[in-house]
Amino acid sequence: MIKNMKNMKKLTAILLSGVMLLATSCDKYLDINKNPNSASSATAELILPQALNYTAGLLNSFNTYGAQIGGYSANAGGYGGFGTAFTYNFSASDYSGLFTSSYDLLEDYQTIINQTSTDPNYSYYNAVARIMKSLHFQQLVDTYNDVPYTDALQGGLKFLPTYTSAPVVYKAIADELDAAIAKINAGAAVTAVVPLGTSDILFAGNTTKWKQLANTLKLRIILRANGKVTFSNTSFSSDGFLTADALINPGYLRDNGRQNPKWNTWGWGYTGSAGNKAWMPTTFARAFYDGIKITDNGRGKAVYYQFPTTPTNQLGQETNSTVTIASSPEGSFWFPSSVRVGASAGNATGVLKGPNAGFPLLTAAESYFMQAEGALKGIVTTTTAATAFSNGIKASFTYLYTLPDGSISGNPTADAATYLTDNPTNALVNFGLATTTAQQLEAIITQKWVALNFVNSEQSWNDYRRTGYPKVISTAGATATQTFASKYSESTRPDKLPTRLLYPPTEGSYNSANVPKGISPYTSLIFWAQ
Amino acid sequence: MRKLLYTLVVLMSMSIVSFGQVRTIKGKVSDQNAAALQGVTVRLQGKTEKAVLTNTKGEFEIKAQNGDFLLFSFVGFKTERVKVAQAIMNVTLTEQVNLMDEVVVTAGGVKAKRKEIGTASSIVKAESLVAGKSTSIAGGLQGKVAGLQISNTGGGINPNFRLVLRGQRSLTGNNEALLVLDNVIVPSTMLGNLNPEDVEDIVVLNGSGAAALYGSQASNGALIVTTKKGKNGVTQVGFSQTTTYESVAFFPKIQEKFGAGGSGYGVDQFGYGNFSYLENQSYGPAFDGSKRPLGPPLADGSQDSTYYRFYPGHNDFWEKGLIKQTDFNVSNGDANSTLYFSAQYVDQKGTTPSDVYNRANVRLNGTRRIGNTINITYSTSYTQNRYNTTSATGSMYDQMLNMPVNVDITRYKDWHNDKFANPNGFYNPWYPNPYFTLANNRATTRNDYLTANVEIKFTPIKGLDFVARQGITTRNNSYKNWTGAFKYTDYAKHTDGSSKSDISASVSDGMSYSTQLLNDFFTQYKHNYFTDYSLNVILGGQWQQDQSKSVGVSANGLVIPDLFNVSNGVGTPGASEANYLSRKMGAYADARFGYKNYLYLHVSGRNDWVSILAPENRTFFYPAADLSFIASDAFDFLKNSNTVSYLKFRAGVSKVGQVNLGPYSLLPTVYSGSGYPFGSQAGYTIGNSLVSPSLKPEITKGYEVGFDLNLFSDRITSNVTWFHTNTVNQTVTTGVSQTTGFSSLLTNTGETMSEGLEVTTHVTPIRTKDWNVTVGAIYTYLNNNVLSISNDIPKLSLATYGNGSGSWAVANKPFPVIMGYDYKRDGAGHVIVDAVTGLPTKSDTISVLGNAVAKHKLSLDGSIRYKSFTLSFLFEYRGGYQIYNSIGPGMDWSGTGWRTALYDRKRFVFPNSVIADPANPGKYVNNTNIEIANGNGNNGFWTDGINRDVTSNYVTSADFWKLRELSIAYNVPAKFLAKSKFIKGCTISAQGRNLMVWMAKDNYYTDPEYSSAGSTSNGIGLTGYEVPPSRYYGATVSFKF
């Protein structure tokens, strides 16, 4: 028994020392939870370039949406299953990526804003992020009307963001642009201010251009609000508006994931595989080039393949026993070059240009046409409508004649002049022929529609819904040159077009208490829409 | 002990007078393994004084008359009664395990007698496991254990299985039972990579309490697999060969009346869509048997054609699979050591054309005693498997289902040489030839597994053991997936609305390893106090490390088209890397108190420390207790009962924590953006996941009560258990509104409940020398619910499709439920249709359409032995649940779906529909005559969203019956083998698995066991383009030497 007790004591001692060992080595043994796979934070310098590139990718999706609904593109031969693209009877999942990707991207800009808000050295980064935030919130409002703004982008602090009324968002983002310009001006006075440098893949660190972009975006906001929002400040800073194309280019090249996103979608993949062949130009759009509405040989040839005989279609028309719809060539009808070897194609004019082209955030042409409209309405006083209109057409020719490397193919100035003489009686081309304000507005918006064809198509779609230009004729039996509405439209609107998208299914699932209900794609208007 | 017993038997033998013509009977007694049994008592029935004992060679000599009965009895073996008919009588005794004293392995590798255990457990023995010759252990276990649901989630070769005990507890974490191999925790993938022939037995610990000593992973119950060891004094060599055929057991139901075409090509005078020679959709006219062209003419002017009638090509596409399995094993043992060696080779050709698989497996197990105090046990196995399959099963199947039934699919196999099968000449410009797709998209995978386990046990004094154990499981994997290039001719690209585009070649290649190390150290102390009290105490610690790494590289646009090497691409290759390291420590104590061999109290407690959680939350403690009371030993009236042979009551309570989280999950992440870096410019983006700051373990609390009752000398055995568990603090990744800036949130919230009844009963109505019949039933009732998630999150997506339909966890509903779109209905559930168009309307939001978890499971098994023949069968039923078949919308799209021809493609009145009653606003009247106009055509009802987007159209009953196993075995009697001196045993058997399946009537699609979300997802209830389910049938011949 005594021996046994001894054994028990020994045993207890062994066990106790074991437990002690366990306890002391515990922390060292277990503190291994540092993530070797991903970083947990990044600086503004690292977030900004990716965010701007994401903006280009997102604008590419917006361009697709604008082109498909807004009359630039129709279904091509060889494809079916277009569903709601034909009926416009949208479901929540149609184009839902526009909503979710916008907020995903906005979180990146918001992170820069949060990280730099109290550091004067990072004034430029802070300002740039605010400008981009403003741009994307306008895109959201223009697509969805009321969206979460005040409560949005707060992560775990607000799981169920409420929806902010669209005019309130508009006012706030206009203020944000003023604040951004003030930030840049304040930053210029800070000696240790961190330059944007190579992180700025839009303007290469040129802060004046950023301020011009801010002014131009503010002009876009004010024009679209059309007197429905009372802004705090409707004047623009002395930096003026953009006079050159604002192109995002992180160094696009023919490589895995590194191509210009529009090229990647419609042209060829970096391996030479064909892009999207399911779409082709509309008969409605070609009519602005082929002489049916306007003669525009210069830009027609710069943009379209096989112009002026480029095959076209009206949305909804499919190949059947009496009609054959042409199938799209590899590289799409929006790539004009006859050199069409996928692995080396590129270096062309028009809207796709090549894998290395910069992506248009906002072109000079759009800036000028907005100035023209602003001048027409007394919002802009630095130019006249006629001058800006003329500059807009020239800028459009210039952008479309520009090759990916920035050099210009042909003579845009001369061709822009020819354009005026080719359409001597057309008030949509020769501004002087437009006498009433309504005609002038129609000329401006129609020219903008032509200039933004497959460039920033969603802006044209916004303008159409706001102004009704370019004009469509929707009476029964309207031809494909008169309307771009689908042949299978289920829209109840007079123009047979939809007016908006539905909120995405994720909002219905995760924010159902707040998401607006009873939204109709035909009758729930964006606040500025007709 | 054995010696003492048979001496007693001899002593008790009393003299008795003998009659009649007495002669000397000689013979030999051996066990099932043909080893001689020494000391077997041989006596004449009713004449105990004649008892003799067998000698060391198992031989005996006894005097008896013809017609007498000899009784052969031996401790631990069933007594045999043999009629005297000849002078030489060789007898084989079979081992009999007294159910009460059967020793089973429980948590931690500790052995306990069955009667001491107060929680539910089942044992599946080797012969039952391999009866159907499943090449995977999971397949062999299906339907054999109460409370255990094993679902074959994918089909195909070496399919994945999902093993869940007692329902799902964790909302989004792991719910699969823990797998323990020779006392070492191993990843559940090992279930498909062990040789089932190596398994001695599998103990299933249904509840978390029973398994608590294994640590937090055991909250889902555990399967304890013990592999074979050599036996003292027995040398045995075994060899067997099995050939198994595999064929499709259930095809999706397709319509056989209409072929290619549709209203897009115009309509005929009857309103049917016109025929089209290139259309994939089957909305053309009814079959007329005429010869029709197929596809546009080729460049050479030739044109494919077909007779416009039904061809069974959709079924013939799937081939007959073949599995060849070779087994070899040798075992040996003496007083100090044992050895078991086995090797297995499995070679499989699947039902998908050109899918092949093989697996080779070797195992070496042994024990060694050193001196009187040290025992060393080791078990090691090495497995390698190789897959060569198509990587495009889903698209291949979709393309196949998009071929009209007037096209004989099997004609298009030779796509290399047959110009009409070649992608250039294939009739359909939109959906490629499935034979081409499967050949042009390949995946090769290799996996090498090593599992090893060494244990050293030191017993300094009797009753006190120190055990140290080291286990390792390591997997080494590599894969290469490739897509071949194809350049279409210009003619093919531009003929008749073609959308054919060149395919560029690509390849992805990767390697990974994962290693799990597990150390155990424990001490066990056993002692009996006085005569009535016993104590068994265990104190121990466990250390576990899981480490893995994977690296993947991919290249596209391969320059030399058939060189599938990542250095052969254009542009920058894609590259990825992932690392994983987690550690866990546990300290545990376990005590079992016994009183008089009929009352046992067992308590255990374990504390875990985990690396994955924040330091302040990383430690947690969980206790368990159970009680076992053997009434049949405690009460004299039961002890002496002729009816009740065994009655045990048991009860247990437990709490177990589980960390359902990978490492590195506590901090937000930022990622290199798509395309970045561009040259030297890097760019990072904020990840989309939010993490709540202080995550804690999930806690499962539960109890179980039950009894085991055996009647009539164990002729009837039964176990009944009721269990109930609640799991709180769920670690959940939930979707959040993207407007927060994020798309998901990881947080602790929610509670689930699982309760149910497990009943196992077996009856042996006939047990004679020649006949032995046992039949049984295993029934499980499961009520598995989500009690709450959180106020903010009323429902949680587990696995969903783009439109939000799918498998969801919803508060106060079964876990999980199928949600999706339905038609708008009136209060009584009738579909409301428009009074003019006859068309229904899709609901605005998703709603609950079904319960995805089987409420009732029933297995019926039986074994009938007549002399040397044994027939056994196993049926399994699951019922009371539904499934969403995502193949359905695709089949309706293509027009091959059975539903699309329900009304002969004519106008029809939507069944069970109502229309608004114009006289009574808000009321509805039955719709008897308003027809849906467009029941035909590829823009008609069947292809429209109003049919295909309505989830409820494809939610069907998931109920099924399956004949899981049927086998007949013939043990070649010893007398036939006597001539060859070296063959000791030979068995010939024929067996089948899943031979018959009976699905619910409305299930036109596939096996409800499948899960599109994969075997590890809790989002069950969804099926898709998995290959159709298989039946297996084959034969085995095995020898023992």
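1. B:Y598 counts as buried because its relative accessibility is 17%, where buried means under 20% relative accessible area, exposed over 50% and partly exposed in between (1.4 Å probe, protein chains only). At 22%, B:F629 therefore counts as partly exposed.

2. The model is predicted: local features need pLDDT of at least 70, side-chain atom pairs count only at pLDDT 80 or more, and totals for chains, interfaces and linings use all residues. Residues are numbered from 1 along each chain as its sequence is written, chains are lettered from A and ligands numbered from 1 in the order in which they are written, and side-chain values use heavy atoms, leaving out hydrogens and water.

3. Rings of Phe, Tyr and Trp (its six-membered ring) pair if their centres lie within 6.5 Å; planes under 30 degrees apart count as stacked, over 60 as edge-to-face and the rest as tilted. Over all chains, this rule gives 82 aromatic pairs. One of them is tilted, A:F99 with A:Y103, at 5.1 Å centre to centre and 50° between the planes. Both residues, A:F99 and A:Y103, are buried.

4. B:Y598 and B:F629 form an edge-to-face pair, with 6.0 Å centre to centre and 80° between the planes.

5. A:Y72, A:F284, A:F288, A:W449, A:W461, A:Y464 and A:F484 make up one aromatic cluster.

6. A charge sits over a ring if NZ of Lys or CZ of Arg is within 6 Å of the ring centre and within 35 degrees of the ring normal. A:R299 lies over the face of A:Y419, 4.9 Å from the ring centre, and A:R340 over that of A:Y305, at 3.7 Å.
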